[in-house]
Structures are given as structure tokens and as C-alpha cells.
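Please look through the sequence and the model below, and then work through the questions that follow with the answers beside them.

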Amino acid sequence: MSDILRELLCVSEKAANIARACRQQEALFQLLIEEKKEGEKNKKFAVDFKTLADVLVQEVIKQNMENKFPGLGKKIFGEESNEFTNDLGEKIIMRLCPTEEETVDLLNKVLNGNKLASEALAKVVHQDVVFTDPALDLVEINIPQDILGIWVDPIDSTYQYIKGSADIKSNQGIFPSGLQCVTILIGVYDIHTGVPLMGVINQPFVSQDLNTLRWKGQCYWGLSYMGTNIHSLLPSISTRNSRETQSQEPKPLRSEAECPHPFSAVISTSEKETIKTALSQVCGERVFRAAGAGYKSLCVVLGLVDIYIFSEDTTFKWDSCAAHAILRAMGGGMVDLKECLERNPDTGLDLPQLVYHVGNEGAAGVDQWANKGGLIAYRSKKQLEGFLSRLFQYLGPADAYT
């Protein structure tokens with residue numbers, strides 16, 4: 001298996017440890033608490049701590065990958081800038097230092113002398129992490145490093161992370177909000193074609209020990225390259241050839257008389273009324289709302305729903321690349337919603353997959369990396385085509401954007 005994928009899994013787990021530590025260690029948790037105050041900022045702190053946590057995770061991923069694979073760190077892109085200005089007006093570049101003591105000193109400058117928090121954060125940043133998955137040892141594949149680019153979303157669903165709700169009940173396994181919706185997303189793509197090749201989704205907050213209040217997480221991965229498709233949800237990698245096709249084949253679509261609403265979907269709480277109305281016709285009551293683009297994509301990966309659909313242009317390449325790669329390994333994918341609605345379903349054109357190597361023409365800043373046409377994530381092409389054929393009956397191209 002690709003050594004790069006193995007290392008990405010390790011750094012995602014280190015990132016998850018940082019995310020958990022910020023919620024579980026008192027010195028760091030107090031800084032998170034400050035972020036909850038509406039309309040005010042504690043003058044003691046030079047930066048908002050949620051941004052520091054995001055940046056630190058991103059820089060840990062970059063530095064660890066650069067150390068193991070020289071040159072790769074320069075091809076890792078994400079949402080956050082790593083430059084801070086403290087109360088003295090000093091510009092500080094956040095990075096992972098060679099030693100824990102040096103990282104403490106750097107964090108101390110960013111956090112205006114809060115040494116207790118700086119030491120707690122530096123300790124978890126420098127802890128070694130070993131990630132084991134027997135499936136990683138069973139397939140040998142080498143992907144040339146020089147064709148790889150990487151998108152990182154260090155802490156997706158930051159609002160849920162800061163809010164920190166731990167007692168939200170799931171609806172048929174899907175959490176509408178809460179810490180379970182927080183994910184760490186790492187997606188690898190081909191810089192020449194934009195096709196996603198490897199994906200890692202780390203969910204740091206899956207279950208909580210009610211005695212210790214400590215959280216355990218879960219990590220999911222997938223790889224799709226040159227005809228090799230493998231992912232962490234396969235029941236047995238060794239029997240992949242005989243069972244993968246069967247396990248990933250969608251259930252046969254029943255007639256409308258047998259099942260008037262054969263699909264299920266997850267959507268954003270901010271989804272447009274036109275989309276929600278159309279989905280109620282297609283999915284009936286099996287439309288679920290959830291926070292976090294990464295988490296909603298994960299719901300599709302896990303088979304909790306058939307479709308994740310989003311009509312807005314407020315997701316970005318770092319939100320979608322990881323899940324897209326895993327879904328490709330499963331026989332699914334992620335397509336541009338607007339292009340799907342505008343195409344003629346009778347022409348048999350290939351589905352308009354999202355790509356990750358070019359920005360939006362004429363856009364500036366983060367907008368150049370937005371998924372401008374919205375998106376649909378799905379587990380199988382046949383399932384998507386069945387879903388779209390029904391959606392077309394209730395939704396036209398203009399309806400998704402009005």
C-alpha cells in the first residue's frame with residue numbers, strides 16, 4: 001500500500017489528538033470557552049483559539065508529510081493562513097518546530113505568555129502516533145509523488161467544535177449537530193487531471209466514555225488509482241475480488257408503486273426551499289439535516305444515506321476532495337449539481353465529476369476554490385442516475401439557484 005496513505009492516516013490521527021486535547025485538557029479548554037462568548041473577545045488572547053487550533057493541525061500535517069516525503073509539504077493546500085499578529089504587533093508564522101521546547105516558545109508568543117496552554121498544546125503536537133490497519137498491508141501500490149496535490153480541512157464544522165455539544169441524539173444514525181459532526185479531511189488528487197486519488201476522513205468525536213469523559217474517534221480511508229480501488233469499509237480485503245462488486249452494487253430500484261420514495265438524502269440546514277420541496281417528493285420523510293460538509297459526505301460513505309446534495313457555492317475543494325476519493329474507491333463519486341441539472345439525461349454524457357487542480361476563472365481568494373455549481377455525493381452511478389431521473393421531475397436548472 002502507498003506509504004503516503006499510511007502517513008496521512010498517522011497525521012490525521014495526530015490532528016484528531018490535538019482536536020480532542022483542546023476539548024479535554026483544562027488549560028486548552030478554557031481558551032475554547034472564550035470563543036463561545038458572542039460579540040466579545042477576551043483581551044488576554046492575541047488570536048481566536050479556534051483559528052489557532054485549525055492552523056496548528058494544518059501545519060502539523062504539512063510538516064509531518066514534508067519530513068517523510070521531502071517536497072510534498074509544498075503541495076499541501078488548505079483553508080488557513082499560518083500568520084498571526086500578537087498584541088505587541090509582532091507577526092508570527094505558526095509552524096511545527098523541531099523540538100517540543102521550541103514549539104512551546106513559539107506558541108507562547110502567539111498566546112501572549114499563556115505558558116500552561118502552550119505547554120499542553122506543544123506536548124500533544126509532538127506525541128508520536130502509530131496508526132495500524134491490517135488492510136493497509138495487503139495491497140502494494142506506488143503512486144508517483146510528483147503528480148500529487150493535497151487538500152486539507154484541518155477542523156471541518158468549526159462551529160460545532162467550539163460549541164461542543166456532546167449530548168445530541170442521532171436520527172437513524174445521523175447526527176444533526178454536535179461534536180460527532182466534526183471531521184478532519186485530507187484529500188489527495190492528481191495535479192494534472194484533478195482526479196481525487198486518496199482520501200482520509202478522521203472523525204475525532206465518535207463515542208464518549210461517561211466516566212472519564214474522554215472521546216474516541218474513527219478514521220476512514222480510500223484509494224482509487226489505475227484500476228485499483230480499495231477502502232477501509234470493505235469487509236475483507238483478501239476476498240475483495242470476489243465480494244467487492246456484490247457489496248458495492250446498489251439495491252435494485254423498485255417501481256414507484258412498490259416504493260414511492262426509494263432514496264434517502266442528507267442536506268444542510270441552510271438548503272434552499274426549492275431543493276427541500278423537490279427532495280420531499282423524491283425521498284419522502286427520509287431527508288436528514290446535518291452540520292458539516294465533511295460529516296454529510298461521511299454519511300454517504302457509511303451508507304447511512306444514498307445522497308448528499310447541496311445547491312450553494314459555499315463548499316470548497318478542501319471540503320470535498322477526501323470524501324470524493326473514498327467514494328470513487330467504492331464505485332461512487334461527487335458531481336456538480338448545476339451541470340447535472342443542465343445536461344440532457346438522454347444524451348448519455350459522462351457525469352460532471354468535481355475536479356481539484358484548477359480554480360474558478362475570474363474568482364479571487366478562497367472563492368476560486370469554491371464548488372460553484374453545488375454538489376451531489378453518491379455511492380453508485382446507477383443509484384445517482386435513478387435519483388436524478390426523479391429529481392428532474394420536480395426541479396429545473398433555475399430552481400436550484402433561485
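This is a predicted model: local features need pLDDT of at least 70, side-chain atom pairs count only at pLDDT 80 or more; totals for chains, interfaces and linings use all residues.

Q: Which side chain meets that of E273 in a salt bridge?
A: Residues are numbered from 1 along each chain as its sequence is written, and side-chain values use heavy atoms, with hydrogens and water left out. A salt bridge is a side-chain nitrogen of Lys or Arg within 4 Å of a carboxyl oxygen of Asp or Glu. At 2.9 Å from N to O, the side chain that meets E273 is that of K276.

Q: Which helix holds both E273 and K276?
A: Helices are DSSP runs (H or I, at least four residues), and strands are runs of E with at least two, both numbered from the N terminus. E273 and K276 are 3 residues apart, about one turn of the helix, and both lie in helix 8.

Q: Is K276 buried or exposed?
A: Buried means under 20% relative accessible area, exposed over 50%, and partly exposed in between (1.4 Å probe, protein chains only). K276 has 18% relative accessibility, so K276 counts as buried.

Q: Within what arc do the buried residues of helix 8 fall?
A: In helix 8, residues 273-283, the buried residues are I275, K276, A278, L279, V282 and C283. The arc is that of the directions from the helix axis to the C-beta atoms. Seen down that axis, the buried residues line one face of the helix, because they fall within an arc of 165 degrees.

Q: How many residues apart in sequence are the parts that K372 and D313 tie together?
A: K372 forms a salt bridge with D313, and the closest N and O atoms are 3.6 Å apart. K372 lies in the loop between helix 11 and strand 13, and D313 in the loop between strand 11 and helix 10, so the pair ties together parts whose separation in sequence is 59 residues.

Q: Where is T183 placed, and is T183 buried or exposed?
A: T183 has its place in strand 5, residues 183-190. Leaving aside neighbours within four places in sequence, T183 is in contact (heavy atoms within 4.5 Å) with residues including D153, I201 and Y295. At 0% relative accessibility, T183 in strand 5 counts as buried.
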